[in-house]
Amino acid sequence: MLGLLAALALALVFGAILFFARSPATNQPNNNDLFPTDPSEIPGFTELQSSDAMIVTMTDKQDPTRVAATLAADRFEPIGGGRRRLDHPIAWIYQRDGRAIQIEADTGTVVMPDPNQPPESGTLEGSVTVRSFDSTPAPGKPPNEDATPTMVTRFDEPVEFERQYLRLRSQGRFTVESQQIDFAGEDLTVMLNEVRDRIELIDIRKGNQLVIRPQPAAPKPQKNQTTPPTSMKTTEGAPNERPDPDRTRDKSAARVAQTPMEEPEPTSAESPAPKPESSASITRYHVAFSDKVLTRMIGTGEIAADSLDIWALLEDGKLRDNAIAQIALTKAESAKSIAEPAPTGTPKTSAQSKNTPATMPEPKQTKPETVSHNDGELVITWSGPLTVHPIEDDTNPPQLVDNDLAIEMNADEGNSVNFHADARGITGSANRVTYLATTGVLAMSSGTQPAQPIEITIAEAGNIRTQHIEASLTTGHIAIDAPGAIRSTPPNTASNSAGAQITWKEHAEFDLALNADGSLSDRLTHASFSGVVQGVQDNNQIAGSVVTATLDPNAPPAAALRKLSFVNGVLINRDNASLAGNLLDIEFAPGSMGYDLDPIRVHATDTVVGRTDNEILRAEELTVTLARDPAGKVFARTADASDNVRYTGKNRTNATADTLKGDGSTEQFVLLGTKDAPATVAQGGSTITGNTINLNARNRSMRVPGPGTFSHDVALDKPGANGHLRVRWDGSMRFDDALGTVVCEDSVSVVSTPDAYTKDTLNAHRIEIDISPMPIAEPIRGRPMPERELIAARAFGFVNDSGESVPAEIESKTYDTENPERVIGLLYLEGPQITADNRRQTLTVPAPGTLLVMDRSASGESVNQSSPAGPGLTRFTWKGRMALNRAAGSATIRDGVQVVHKSLTNNQTMTLTCDTLNAAFELASDTGGTNRLLNADALGTVVFSAQTRRLLADNARFDAEHESVFASGENNNLVTLYDNTQPAPVSARTLLWDLTKDRVEINAPTPVRTPSGP
């Protein structure tokens, strides 16, 4: 639309002075020549001298059958000095394309020393009017009486022209009115270059107003038009008869100085004679408006600048068809007309301003009438000059590269080009605004001073500050190759969202949506920023080297964002939690619970790091789905992390996995590992591994549904202490923190090394561990959280597929401090079920089982080499049950008890069987020592065998320290000793057997009866 500025200036010149200032070319024919060089074609003015009326008809030199122009006047009078006066001159110029131009004045004075030559100069005075018509009924014929001119130009002051210099000037005010444009200015000068067939200068010393209408209204018939002659016939006589100079001219007829050849009537008024083909003439022009230029789009907004420049490329004197890109902008629904000053006189009606301004008589005026304008009209006002200069052929300004028309508004140093669009709530300023009309590109630039950036503000949205903006109004693409910042307007108190801002250091791009009809909307579909991009909203921050936004153009602006994509991105929320990734996306949906937007998904890849004050999560890929809780706070509904997942939390908690899957609503998480790198969960010195680890944070439980391990390093929890524990299973593991239970199944192995010289091993099919339950996640007010304590453990054997019973096993080894590879103590326990009560310090086997105790601590001379009771291996078996009190060092074994001791010095064995056995042990502890039997009380059906002797008694006490056995009977029962070397057994009330000395002391023996001889 702004391209009409250039068309207006050029149409003004060609329409107003073509007839009066044109002369024939000297070297070649000129198709537009209205004053032929052939004298026979020039009327004989000297013969007329003075006349009441006259009509002069001129034909096209190249086509004598075409009437090129006519000139009529009410009176033609020489006034001396080669000058001639014309009363009410009317000229018609007929162009080859069917258009016609009428030039009318009250009077005219022309300098014509030689009547056979065109006027050298002249002045038109009074009401000088130029009218343009799109078509005529036939070539060389004026339009019909009711025809509407397409453009009317009026001059309030005389119009002067000089043929020698091809110059036209009018020092007063002039106006141009048409269906599409109105124009007003003062002090016009025009200079032509006939050799180069171009305008050399248009200079309007004082600007006024230009009005451009987007769509002209339908024309109405004119009733007051001055009607030119409708035929070329004379009032009297033959066609070539000269007029009578003394006869007053009839307004309906006139003398003919030259009669054109007859022309065939065209078939229709819309079919003018075709224009002959000719090579196109290309001319470039620069148009400059100066001083306080104000451009207003009525109903939309306005732009004010110190100057306005136009660059135009013309082909055959006009803009090419594609010189101005067709731009359609969607008008905001809330658009309202900009208030105009109230009229001080009778305003021009819409019909008058758009239809027939040329036929409405207007009084002479020195100031423009104050009028109101209609929505959509473009109104330009300025205070200084307007100039038009040609651009040399060998120079093509950058504004016309790939463009036929360019408009630029500039501000002086220290000033700004200011604009606002009230309908859209837009205000802004820049140092330069450029519009390339052919390609539809709008550019804005800042000034050279740092304090003069481009700034654009949109009401209820925000503002943008930068140094350069370039926008394509055909595609909707906007590029900013400069640092900048966008700040949103702070919300009102009724909104839950907060104002936001984003800054960048290098580049930004935006894309506006196109409507179905191809018009450009004000709705964003895409935005991107690069170069240290930072954003903040409500204490939430974003950053990245590149940030890209995808928006829904059909949603309200505050809820249009659908996706944010980052390169080297970082997100930081108000709680100081952050997420970083080399590639990071955030997806949004229309808000709920009164919020404009809801973040619904976060996806990050390539070196992902999530942080809180106490936690760090690292992975190569992370996907989180988000939702709002009833309080409106955003929480992670699900989380999926993969590829080298590593988590570090408070209280020395950490985890690793190949994949992590979490459900924030249920607070359940799944860690998946691989065969070579299982998942791990650790806290303090404890670590759990498994191919799959299920965590339930809400219930504080854990499950490993496959093979895994548990290890604990005591030193990590208690600096300075020693000890390590490792548990392995092939089936599964379950842990419930609230209940305090741990269950491991299938080929469970537990290895504990409480110190450097002790190793405890447990093998079972199933292990159940009871620890201190933690029913609450937080400490009770005023009371510390209780320390974790092992309560009890149960180990179970099983029956295999072959029907064989596989018991649970506990083994404790003690190593020599002088030789750490030498085992000096062993405690081995097996049974279908083994229960360890840590609080009572008991080991219980409630079924048949086996207990082995080995002592190799003694050596050298202190050991009796001949005694079977010395240091060695003691094996206990039973058919009932066994209970071992580790704290007291005592054990009770019931039913079918058998004790077998083998000396490690002489390999001698001794055997004890009884119904019940109460034994005392010295057990290894954290302070050292070994596992060895101190003494044992055998009760009921006691049988003790050693070397060659066998002792039968109701009760017996084995003293391992003194290596002796004391036996006794009950209810007057006797003790019986059998010796394979003696012919008969010995019975007594009590018996003391010293195993070291191999001596037996008998108390109250019974008579011995030996068998009789033969």
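User: What should I know about the model before we start?

Analyst: It's a predicted model, so local features need pLDDT of at least 70 and side-chain atom pairs count only at pLDDT 80 or more, while totals for chains, interfaces and linings use all residues. Residues are numbered from 1 along each chain as its sequence is written, and side-chain values use heavy atoms, with hydrogens and water left out.

User: How do you know how confident the predictor is in the protein chain?

Analyst: Look at pLDDT, the predictor's confidence in each residue, from 0 to 100. The chain's mean pLDDT is 76, and 76% of its residues reach 70 or more. Contact here means heavy atoms within 4.5 Å. Where pLDDT is low, the predicted coordinates should not be read in detail.

User: Why is D979 called buried?

Analyst: Buried means under 20% relative accessible area, exposed means over 50%, and partly exposed is in between (1.4 Å probe, protein chains only). D979 has a relative accessible area of 11%, so it is buried. It's part of strand 65 (residues 975-979); strands (E, at least two residues), like helices (H or I, at least four), are DSSP runs numbered from the N terminus.

User: What makes the pairing of D979 with T981 a polar contact?

Analyst: The test is a pair of N or O atoms within 3.5 Å; within protein, one must be able to donate a hydrogen and the other to accept it, and residues adjacent in sequence count only if both atoms are side-chain atoms. The side chains of D979 and T981 make such a contact at 2.8 Å. The D979 side chain has another polar contact, with the side chain of R949 at 3.3 Å. Setting aside neighbours within four places in sequence, D979 is in contact with T948 and R949.

User: Why is R957 with D937 called a salt bridge?

Analyst: A salt bridge is a side-chain nitrogen of Lys or Arg within 4 Å of a carboxyl oxygen of Asp or Glu. For R957 and D937 the closest N and O atoms are 2.7 Å apart, and the pair is a salt bridge. R957 lies in strand 63 (residues 949-959) and D937 in strand 62 (residues 932-946), so the bridge ties together parts 20 residues apart in sequence. At 38% relative accessible area R957 is partly exposed, and so is D937 at 23%.

User: How do you know that R154 and E177 form one too?

Analyst: Their closest N and O atoms are 3.4 Å apart, which makes a salt bridge. The pair links distant parts of the chain: R154 is in strand 10 (residues 151-155) and E177 in strand 12 (residues 167-178), 23 residues apart. Both R154 and E177 are buried.

User: How many salt bridges does the structure hold, and which residues are linked in a network?

Analyst: There are 31 salt bridges. R734, E745, R766, E768, D770 and R794 are linked in a network of them. R999 also bridges to E1001, with closest N and O atoms 3.4 Å apart.

User: What makes K206 partly exposed?

Analyst: Its relative accessibility is 44%, so K206 counts as partly exposed. K206 is in strand 14 (residues 198-212). Not counting residues up to four places away in sequence, K206 touches G185, E186, W382, S383, G384 and P385.

User: Why is strand 57 described as largely enclosed?

Analyst: Seven of the seven residues of strand 57 (residues 849-855) are buried, so it is largely enclosed by the rest of the structure. G849, L851, V853 and D855 point one way, T850, L852 and M854 the other, and all are buried.

User: How do you know which strands pair with strand 57?

Analyst: Two strands pair if DSSP finds at least two bridges between them. Strand 54 (residues 823-831) is joined to strand 57 by six bridges, running antiparallel, with G825 opposite D855. Strand 58 (residues 872-878) also pairs with strand 57 in the antiparallel sense over six bridges, and there T850 stands opposite T877.
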